[in-house]
Amino acid sequence: MRYFFISQDTSLPCCIRYRDFDITGGRHLFVKAEEEKIKEMVPLYLAGSGREARPDFIQRPVTMFSAGLREILKAYEPAAVFKDVMLIHKENALQYHYVHTLLDYVDALSGRSEYYPNGMERKLVLDGKKAEGHHLFLPAGAQRKDPVVSLPLAESLLRRSVVGICLEEVEVE
């Protein structure tokens with residue numbers, strides 16, 4: 001099976017901006033093991049006019065998908081945990097529903113992965129047998145923290161004309 005890193009298209013023009021966070025700044029990855037630490041619903045306030053583009057996948061400050069994609073993600077990865085996030089334009093009385101997606105780390109790296117002397121990945125290679133059955137996950141032991149999606153899930157997302165998602169194929173042995 002083929003796999004892809006999924007990342008947010010930060011070059012999307014006129015993208016939403018948080019009032020209290022820099023969307024191009026740092027991010028934090030929460031995993032399913034931290035589920036109890038996270039509230040069931042979190043509001044985040046937005047700056048701007050309310051006419052900004054809203055990507056369907058946001059990585060900063062946390063990994064979020066637009067709420068309309070929840071059922072698709074759940075169909076492919078039933079064990080994923082979702083927490084609600086409301087993006088709010090307080091001044092314009094607008095709300096956008098997203099889901100903070102808590103993923104599992106999967107030990108799916110191949111011994112064929114290549115590394116620089118400082119330990120950073122030069123080329124990440126997935127072991128197809130270890131990744132089999134997983135459609136949305138974080139590769140355990142990888143420095144790169146973008147989630148990985150399977151080809152069937154990537155195709156399902158793309159059929160829905162998602163906005164602001166970049167896919168980069170990962171080599172699989």
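Two strands count as paired if DSSP finds at least two bridges between them. Helices (H or I, at least four residues) and strands (E, at least two) are DSSP runs, numbered from the N terminus. Down at the residue level, L126 has V172 in strand 14 as its bridge partner.

Quick word on what we're looking at: this is a predicted model, so local features need pLDDT of at least 70 and side-chain atom pairs count only at pLDDT 80 or more, while totals for chains, interfaces and linings use all residues. Residues are numbered from 1 along each chain as its sequence is written, and side-chain values use heavy atoms, leaving out hydrogens and water.

Have a look at S156, which sits in helix 3 (residues 151–158). Why does S156 count as buried? Because its relative accessibility is 3%, and buried means under 20% relative accessible area, with a 1.4 Å probe and protein chains only. Leaving aside neighbours within four places in sequence, S156 is in contact with I72 and Y76, where contact means heavy atoms within 4.5 Å.

There's another open sheet, also mixed, with six strands in the order 2-3-6-7-5-4. Strand 2 (17–18) and strand 4 (57–58) are its edges; each has a single partner strand, so one side of each is left without a neighbour there. Inside this sheet, strand 6 (residues 81–89) and strand 7 (residues 94–102) pair in the antiparallel sense over nine bridges. One of the pairs is D84 with V99 in strand 7.

Last stop, the largest cavity. Residues lining the largest cavity include K32, E77, L102, H134 and F137. A cavity is a set of points on a 1 Å grid, over the protein atoms alone, where a 1.4 Å probe fits but cannot get out, and lining residues have an atom within 4 Å of a point.

Terms used: Buried < 20%, exposed > 50% of the residue type's maximum accessible area, 1.4 Å probe, protein only. 1 Å grid on protein atoms, 1.4 Å probe; cavity = no way out; pocket = protein on both sides within 12 Å on 5 of 7 lines; lining within 4 Å.
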